[in-house]
Amino acid sequence: MRKTNLLALLLFIIANFSCERDDICPESTPTTPSLIIDVFDINNQESKKNVFGLLIAGVGNDNVLPGYGIVSTDNLILPLKTDESSTQYRLFQNTTINNNGTPDDPDDDFAEGNEDVITINYKPELVFVSRACGYKTIFTNVTLTIEQDGDNWIQSKQSINDNQSVEDETAAHFNIFH
């Protein structure tokens, strides 16, 4: 009986000291950041200016970026692709939706407005956060290009820092002027 109790106590001690506490990633832990762009008035470059009727969609698909289905804003938060070195967006100003003459069929609807295409190039890098949270991606050598189409509503852009990187979401990374 004594050996059984001693064996049970030994197994209990081994089990308790060999287990590790559960690793849970806190919600407050920073994850892969998005690119932040502030929008300013081209005529008064110290003054932020809303883009009215803004719709944002990725190039190569017709899916509207969540939160940007015809809105007015002076701040853009754009996710970047982590498995590529470039992301493109179509930014429509003064957008309306053309129902293509079939109001009961939303599948053939399309956006109309002044469309500008931006390309964000970068180098993605994996950064270890913790055992519980795993890895996040940061982006270095970030550049933003505005495709010229003869009718651009985005007049110019400005990087906040030389050799811009996107490592957090606490401040803007680029300014655009319209």
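Glu 125 has Ile 138 in E7 as its bridge partner. The structure is a predicted model, in which local features need pLDDT of at least 70 and side-chain atom pairs count only at pLDDT 80 or more, whereas totals for chains, interfaces and linings use all residues. Residues are numbered from 1 along each chain as its sequence is written, and side-chain values use heavy atoms, with hydrogens and water left out.

Helices (H or I, at least four residues) and strands (E, at least two) are DSSP runs, numbered from the N terminus. Two strands are taken to pair if DSSP finds at least two bridges between them. Strand E6 and strand E7 (residues 134-146) are antiparallel and share 11 bridges. These two strands form a hairpin, with three residues between them. E6 (residues 110-130) is also joined to strand E5 (residues 86-98), again in the antiparallel sense, by 11 bridges. In this pairing, Arg 90 lies opposite Val 117 of E6. In a regular strand the side chains alternate between the two faces of the sheet.

A disulfide is defined as a pair of cysteine sulfur atoms within 2.5 Å. By this rule there is one disulfide. It is formed by Cys 25 and Cys 133, whose sulfur atoms are 1.9 Å apart. The bond links distant parts of the chain, 108 residues apart: Cys 25 is in the loop between helix H1 (2-18) and strand E1 (35-40), and Cys 133 is in the loop between E6 and E7. The torsion about the S-S bond is about 100 degrees, so the disulfide is right-handed.

Accessibility was classed as buried (under 20% relative accessible area), exposed (over 50%) or partly exposed (in between), using a 1.4 Å probe and protein chains only. Cys 25 is partly exposed, at 32%, and Cys 133 is partly exposed, at 21%.
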